[in-house]
Amino acid sequence: LFLYSDGVSEAENKQGEQFGMERICNTLTKYHTLPAEKIKTKFIKNLYNYIGERPVYDDITFVIVKQN
């Protein structure tokens, strides 16, 4: 389960392109076999690499729940 605020999907890179649902899904698909804590770390890294030096204007909040 991945719950997130609009600040995640609407985070923009230097060209003004949003992170969007497709990148969220691709990132989660890539790391879905990892424990929740590692998914969190990888997701944050990917998101902030995408944003780069662009200022963040909205909250970036998400919760990952994984059942074994």
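# Chatting through charges, rings and patches

Trainee: Let's start with Lys 45: buried or exposed?

Mentor: Lys 45 counts as exposed, because its relative accessibility is 56% and the cut-off for exposed is over 50%. Keep in mind that we're looking at a predicted model.

Trainee: Got it. Where does Lys 45 lie?

Mentor: Lys 45 sits in helix α3. It also belongs to a positive surface patch, together with Lys 30, Lys 38 and Lys 42.

Trainee: Which element gives the largest share of the positive patch?

Mentor: That's α3, which supplies 3 residues of the patch.

Trainee: And which residues form a negative surface patch?

Mentor: Asp 6, Glu 10, Asp 58 and Asp 59 make up the negative one. Take Asp 58 as an example: you'll find it in the loop between α3 (36-51) and β2 (62-64). It has a relative accessible area of 33%, so it is partly exposed.

Trainee: Switching to charge pairs: how many salt bridges does the structure hold?

Mentor: There are 2 salt bridges. In general, side chains of opposite charge can pair when their charged atoms come close.

Trainee: Okay, what does Glu 12 form a salt bridge with?

Mentor: Its partner is Arg 54, and the closest N and O atoms of the two are 2.7 Å apart. This bridge links distant parts of the chain, 42 residues apart: Glu 12 is in the loop between α1 and α2, while Arg 54 is in the loop between α3 and β2.

Trainee: Why does Glu 12 count as partly exposed?

Mentor: Because its relative accessibility is 25%, and buried would need under 20%. Arg 54 is partly exposed as well, with a relative accessible area of 27%.

Trainee: What about Lys 40, which residue does it form a salt bridge with?

Mentor: Lys 40 bridges to Glu 37, with the closest N and O atoms 2.9 Å apart. Both residues lie in helix α3, 3 residues apart, which is about one turn of the helix. Lys 40 counts as partly exposed at 31% relative accessibility, whereas Glu 37 counts as exposed at 51%.

Trainee: Now the rings! How many aromatic pairs are there?

Mentor: The count comes to 6 aromatic pairs. One of them joins Phe 2 and Phe 62: this pair is tilted, at 5.3 Å centre to centre and with 35 degrees between the planes.

Trainee: Which residues do ring pairs link into a cluster?

Mentor: Phe 2 and Phe 62 are in it, along with Tyr 4, Phe 19, Phe 43 and Tyr 50.

Trainee: Last topic: what makes the nonpolar surface patch?

Mentor: Leu 1, Leu 3, Val 63 and Val 65 do, and the patch is about 380 Å². Val 65 lies in the segment after β2. With a relative accessible area of 47%, Val 65 is partly exposed.

Trainee: Oh, and where does Gln 18 lie?

Mentor: Look in the loop between α1 (6-9) and α2 (20-31). Gln 18 is partly exposed, with a relative accessible area of 40%. Its C-alpha atom is separated by 8.9 Å from that of Val 8, which is 10 residues apart from it along the chain.

Definitions and conventions. Residues numbered from 1 in each chain as written. Predicted model: local features only at pLDDT ≥ 70, side-chain atom pairs only at ≥ 80, totals over all residues. Heavy atoms only, no water. Patch = residues over 30% accessible without salt bridge, like charges linked within 9 Å, V, L, I, M, F, W, Y side chains within 5 Å. Areas by Shrake-Rupley, 256 points an atom, 1.4 Å probe, with all protein chains shown as cover. Salt bridge = Lys/Arg side-chain N within 4 Å of Asp/Glu carboxyl O. Lys, Arg positive; Asp, Glu negative; His and termini not counted. Charge placed at Lys NZ, Arg CZ, Asp CG, Glu CD. Helix = DSSP H or I, 4+ residues; strand = E, 2+ residues; numbered from the N terminus. Buried < 20%, exposed > 50% of the residue type's maximum accessible area, 1.4 Å probe, protein only. Phe/Tyr/Trp six-rings, centres within 6.5 Å; stacked < 30°, edge-to-face > 60°.
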